[in-house]
2 protein chains.
Amino acid sequence: MASVTGNGREGSETGGRGGRPRSAGADAAILAAARALLAERGWDGMTLGDVAARAGVAKTTLYRRWPGKAELVVDAMAQLFDTLEPADAGSVRADATIAIRDLIALLGRPETQTAFLALAAHAARDPGLRAAVREKIVDRQRRLVHAGARRADARGEGGRITDPDLLFDVIAGTMVHRLLIAGEPVDDGYVERFLDLVLPAATR
Amino acid sequence: MASVTGNGREGSETGGRGGRPRSAGADAAILAAARALLAERGWDGMTLGDVAARAGVAKTTLYRRWPGKAELVVDAMAQLFDTLEPADAGSVRADATIAIRDLIALLGRPETQTAFLALAAHAARDPGLRAAVREKIVDRQRRLVHAGARRADARGEGGRITDPDLLFDVIAGTMVHRLLIAGEPVDDGYVERFLDLVLPAATR
DNA sequence: TCCGCTACGCTACGACTCGTATCGGAAATC
DNA sequence: GATTTCCGATACGAGTCGTAGCGTAGCGGA
């Protein structure tokens, strides 16, 4: 999977019937450069000219593959969020604890801090970007909760998750609000108290 | 209260001992113009030159009162968030329902959608801005939950809120995530399900 | 082998924004 | 009236954006 999702030439393997194919490694280099520059200089400080230079690519190549900064960063961040994976630790609470700790670590990264909310802010005025954020980032995270719900069902008795979609909003929202909006840390005790608050009513 | 918080000349009533005082209405006009332009053109589309022109003020006047766009928008948004007030509807659940509906309406405004997350994103790389966002927006919202907790205590028996700070993160986070990040609507049924999930364990 | 097609690197460009500097004049206090 | 501070207007250098034009590189088909 060279790119998280197509950024222009998706679908066809060889490209548009003849002609020089797109450089294979360019996407990966560009997205990595974008993440690095986001971490170093933040959303505003990162220019597409800088990204191109660091990736060893012409600026025009970026514009050939992505419409603009926001769409490029969506793909760059999606790659990062895709590193999260569901864990099977034997119980809903154990699974949730692991997932939340992973999420906290991800939200603590500098590139996430500057890019994630900036993307959401831009998405408010750009339906296409809104759809991309939802599809490439939000929905994939949501699936982790659904996977946990299915495991809970399989285990049976007393651990079933009644409303995974709502539970996902609560988990992700609480952590994002605490870490990225309020800007306050989350320690293990906070996670414990959070799970004490939410899990009893979320499972049945 | 001309400005939500000082933006330069705070404290002294008359200004710096003699000389022409700052135009009283200018702050209000500037903040209103900023909100209007945020709603119309979004964070990126709003320039300080435009704000000055619409407020009927020179651009330099803006820079005399605020260090930059982010700080100005913090004050503009703080005025908006300050319109939220605690309600006393007789029970924790009734109070929470009203507060959440007010919050939803506020988060649905176009200026909030584009500005709130943009501010938080910038705050990630600017400690001063982070402090301003927390002090002028987040902490004031948090107080609404604390006020509700005190009312619950006064009512006694069975309605006490055990951890208001955590509850605030959960409420605000869930709504922000649902509305601004996932970009999906919140109807009354969602609020009901949310309160069913959270309130039982949050009160004692 | 030659040709058509597409992507590439490079350079240059106009339009725009930013934040600052500078100025004479206006509006208060002393 | 003198002083002090704020105000509006204008100009400016620096930097970014997204696009266009150029010649070249790499691939498949005739």
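Predicted model: local features only at pLDDT ≥ 70, side-chain atom pairs only at ≥ 80, totals over all residues.
Start with chains A and B shown together. Chain B superposes on chain A by a rotation of 180 degrees with 0.0 Å of shift along the axis, at an RMSD of 0.1 Å. That is how a two-fold axis relates two copies. To locate the axis, select B:Gly173: its C-alpha lies 2.0 Å away, the closest approach of any residue of chain B.

**The interface**

Next, select the residues in contact between the chains: 46 in chain B and 45 in chain A. About 3700 Å² is buried between them, and carbon and sulfur atoms give 58% of that area. Polar contacts link 24 residue pairs across the two chains, counting pairs with both residues at pLDDT 80 or more. On the chain B side, helices H1 (24–45), H6 (110–123), H7 (127–155), H8 and H9 (188–202) each supply at least two of the residues that touch chain A. H8 of chain B gives the most, with 13 residues. Coloured by class, this side of chain B shows 25 nonpolar, eight polar and 13 charged residues.

Six salt bridges cross the interface. For one salt bridge to look at, select A:Arg193 and B:Asp163, whose side chains meet at 2.5 Å, N to O.

**B:Arg178**

Stay on chain B and go to B:Arg178 in helix H8, residues 164–181. Is B:Arg178 buried or exposed? B:Arg178 counts as buried because its relative accessibility is 15%, below the 20% cut-off. Leaving out residues up to four places away in sequence, B:Arg178 touches B:Gly183, B:Glu184, B:Pro185, B:Val186 and B:Tyr190, as well as A:Asp169 from chain A.

**Salt bridges within a chain**

Over all chains there are 36 salt bridges. In chain A, select A:Lys136 and A:Asp75, with their closest N and O atoms 2.8 Å apart. This pair ties together parts 61 residues apart in sequence, since A:Lys136 lies in helix H7 (residues 127–155) and A:Asp75 in helix H4 (residues 69–81). A:Lys136 is buried at 9% relative accessible area, and A:Asp75 is buried at 1%.

In chain B, move to B:Arg93 and B:Asp196, which meet at 2.9 Å, N to O, in a salt bridge. Here helix H5 (residues 92–108) is tied to helix H9, across 103 residues of sequence. B:Arg93 is partly exposed at 29%, as is B:Asp196 at 44%.

Last, select B:Glu111 and B:Arg109, a salt bridge of 2.6 Å, N to O. B:Glu111 is buried at 6%, whereas B:Arg109 is partly exposed at 35%.

Definitions and conventions
Residues numbered from 1 in each chain as written. Chains lettered and ligands numbered in written order. Heavy atoms only, no water. Helix = DSSP H or I, 4+ residues; strand = E, 2+ residues; numbered from the N terminus. Buried < 20%, exposed > 50% of the residue type's maximum accessible area, 1.4 Å probe, protein only. Contact = heavy atoms within 4.5 Å. Least-squares fit on C-alpha atoms with pLDDT ≥ 70 in both. Buried area = accessible area lost by both parts, 1.4 Å probe. Salt bridge = Lys/Arg side-chain N within 4 Å of Asp/Glu carboxyl O. Polar contact = N/O pair within 3.5 Å; in protein donor to acceptor, adjacent residues only side chain to side chain. Nonpolar A, V, L, I, M, F, W, Y, C, P; charged D, E, K, R; others polar.
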